[in-house]
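Subject: Structure handover

Hello,

Here is the structure I promised to pass on to you. Please open it first, and then read my notes below.

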Amino acid sequence: MVTSSKDVALQVIQQAIAALAKWSGFTHPTLEKEYPEVTRAKEILGWKPDTNVGTLRLVFDSVDLPDEPKKEKIQQNYHPLKVIDNDHQEYPDIPYPLDSEPSSEQQKAFQLEINQALRNHLQDNWVNLSLLMLILEKFGSCLSFGQSDIALVDIARTTAAIATALLNNPAEEISLIAGDLSGIQKFIYTISSDGALKSLRARSFYLELVTEEVVQQLLSRLEIPRTNVIYAGGGNLYILASGTENTKKVVQKVREQFNTWLLDEFQGKVFLALDYLNFPVTEIASAEFANHWSNATKNLALHKSQKFADQINKFIAPEDSHEPCKVCHRDDVEPETLQPLNKHEPDSVLACEICCSMFDLGSNLFGVKAIVRSTSDNVDSQFFPLSFKLPAIDDFPGVNIYYYYFKNWKPIVPESDTVLLVNDWNLDHYQFKHFKNVSTLLLGNYGKENKTDENNQEEAQGFLRAEEMAAKAQGINRVGYLRMDVDRLGQIFAKGFGKNQTLPKLAGISREMSYFFKVYLNSLAEQRNVNIPQKITQLSDKNEKYNILFIYAGGDDLFISGAWNEVVDFAFDVYQCFRAYTGNNPDITLSGGISINDAKFPLYQSAESSGDAEKAAKNNGRDRLGLFGQVFKWDEWLGTAKVTNFDAVNKNYNNPETKKPSLLGILPFVQKLEQQNIGVNYARNFVRNLLITAQIQEQALKKFEEDNKSEEALSTRYYLHLPKIAYTLARLPKNVLDDNDFRTSLKSPYNAPYFRAIATWIELLNR
Ligand SMILES: [Zn+2]
């Protein structure tokens, strides 16, 4: 009998489970004789017969970007021993790192928990690859194997991938397939219409499924199991395969099939760059691997620059233009195929088929638990499926694929090919006998539901709409849009680990990032108080679900909307939680931008302005937030800064008597005034005067920049506001004035740069 890649992968995963069983004192089923490919793969990755499971050090601690100035050594952190679980709640809790190794009692308790789970689930499931993989993810994400900062799940998965790539591969060449769906921004953000927010959410979900389908096509054509997927999400994918002629051909054909279909369906807005890079398999565990990874990514950029080269004839062929779709503006569809966007509204705008299906999907996405992939167009489902019609290319047959979605985890679909369970960590669900190829689909999918409205059954149990978000906001009725992403992620992947930049580490770090953005952000939005780290700076300590909607949350970035003040609060939460989650490593930071708009303001423009705010934050040096048209470091917004701009000025002009105020930064002042509840009139006056002060300050600074800088003028520029600030303060209520800290701190030149931001924030909260 010929060995299949699934057999090989299964054997590796069984061996990893056996290691887990050994650690927890459970007697696992007998292991079969080892395949030579498995032996070789283990040899390459350093998996020895005496390698044992142990506690896991935080992988982020090892990240050290070489071009950054040396900073104090970061503390060594450990993963808490905590199973990833959502048995009794929607999302698992965020596991924050520990500053010391889990105690032997904690280890014993965790061993007992694993022992129990294996006892309950291994019987009859020893060949259920999906279930074994989930067990490894649940328990093996916080345990090491061999190296202290490599997780058991990552070593298992990468060993399986290499072993399958070695099948019938005497040259031992491995292929790193990299893919990137570009144009996502265009596809997602350029729409305009009523209910756009909902459609936007659907569009980003749809693109996740397109990525998933590219993965599915590659896996089935290359006949390799899912363990070979190193990363897939947010339009990016990395897969390992044999470095053979067949891989080359499959990559080419799959790319052509998808781009022909994408061109047809989206008029070239979305494009799939897909390529492979071959190298000797032994380099996977060496520092060379980082170069291969970067080169594979660079090759994609080349593809993007030659977009649709294979389909050029079709691209330039003249086409009739018609009445455009009112949502995406395409004008190439027959006018009679345009349909009313919202079937429940008599005067709804006319839109193309894709836009209509996105609108419907947006209404139904709430609470999707399972997604069934099938080649059958006739599956019994309440909702209309999403279809992918890939054309035949040469000897590659065309294929029609449908994705059906369900709001219970247990759909019984005989024609199913794969079942994706959304954010589901429940082991029982993976041993359901009717499922074939079940796997987890991680999805940043939090959205506050709207209250059932008797008059509007269509909207009942859907996501909050923009108008509702604005109405829920404190102060001014506005919607906030937040975009955020990890700074220098490319560099972290290319050289963050120095010589230890190996495949298992990269797999580990991308898995941890995915967990944060796709899984734990949901937890944070849903149950704030159990998911924030111990010390957190916050405006309000509310514990209700956030009134926000995730439009996209994936690989290392997010785009959300919501009640404006909650979006601001959430951004602060995300930043602080992310820093705690990554062990406060100074090389791993986030930048973000927020725009605040009227609910009726076109969505694509809101998306653009939050994008601009984020760009400004990145361009000003990263680790920053752009908000209210200004950019400051996060710790300046939060009032936790140890060093500020003024320190440098102060030092230059030799003014050591200027002490740091006890309140420093933006949030402390907003917080104080919010808590004191000073009344609308006081607030209005304070805001007006503070804005005038800020203006005096800004004009002074500008003048000094233009003029020839005299030492004296420069050293006084941060003091010019003092008379006006004294006036502003004198007009506050007595209880605020009695607060010595508040009074002296606001007068401090250290706080001078923050006046405008403080005033704007107070104003919006009290409008
Ligand atoms: Zn359209």
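**Leu 627 and the strand it sits in**

Leu 627 belongs to strand β19, which covers residues 624–627; helices (H or I, at least four residues) and strands (E, at least two) are DSSP runs, numbered from the N terminus. Please bear in mind that this is a predicted model, in which local features need pLDDT of at least 70 and side-chain atom pairs count only at pLDDT 80 or more, while totals for chains, interfaces and linings use all residues. Residues are numbered from 1 along each chain as its sequence is written, and side-chain values use heavy atoms, with hydrogens and water left out.

Is Leu 627 buried or exposed? With a relative accessibility of 0%, Leu 627 counts as buried (buried means under 20% relative accessible area, exposed over 50%, partly exposed in between, with a 1.4 Å probe and protein chains only). Leaving out residues up to four places away in sequence, Leu 627 touches Val 568, Ile 594, Ile 596 and Trp 637, where contact means heavy atoms within 4.5 Å. Its C-alpha atom is 8.7 Å from that of Ser 610, a residue 17 positions away along the chain.

Phe 628 lies in the loop between β19 and β20 (630–633). Its phi is near 55°, a positive value in a residue other than glycine. Phe 628 counts as buried, at 15% relative accessibility.

**Asp 569**

Helix α16 (residues 564–581) holds Asp 569, which is buried with a relative accessible area of 9%. Which residues does Asp 569 contact, leaving aside its neighbours within four places in sequence? They are Leu 539, Ser 540, Lys 542 and Tyr 546. The C-alpha atoms of Asp 569 and Lys 542 are separated by 10.0 Å, and the two residues are 27 apart along the chain.

**Strands β4 and β7**

Strand β4 (residues 173–182) runs antiparallel to β7, and 10 bridges join them; two strands pair if DSSP finds at least two bridges between them. Within this pairing, Ala 178 stands opposite Asp 275 in β7. Strand β7 (residues 271–280) is mostly covered, with 7 of its 10 residues buried.

Glu 172 is in the loop between α5 (152–165) and β4. Glu 172 is not a glycine, yet it has a positive phi of about 55°. At 21% relative accessibility, Glu 172 counts as partly exposed.

**The chain as a whole**

The protein chain has 26 helices and 20 strands. Its radius of gyration is 28 Å, close to the 27 Å that the globule rule gives for 767 residues, so the chain is as compact as a globular protein of that length. That radius is taken over C-alpha atoms, and the rule is 2.2 Å times the number of residues to the power 0.38. Along its principal axes, the C-alpha trace spans about 90 × 70 × 55 Å.

Of the 767 residues, 59% count as buried. Among the contacts with a separation of 6 or more, 73% are between residues 24 or more positions apart.

I hope this helps you find your way around.

Best wishes
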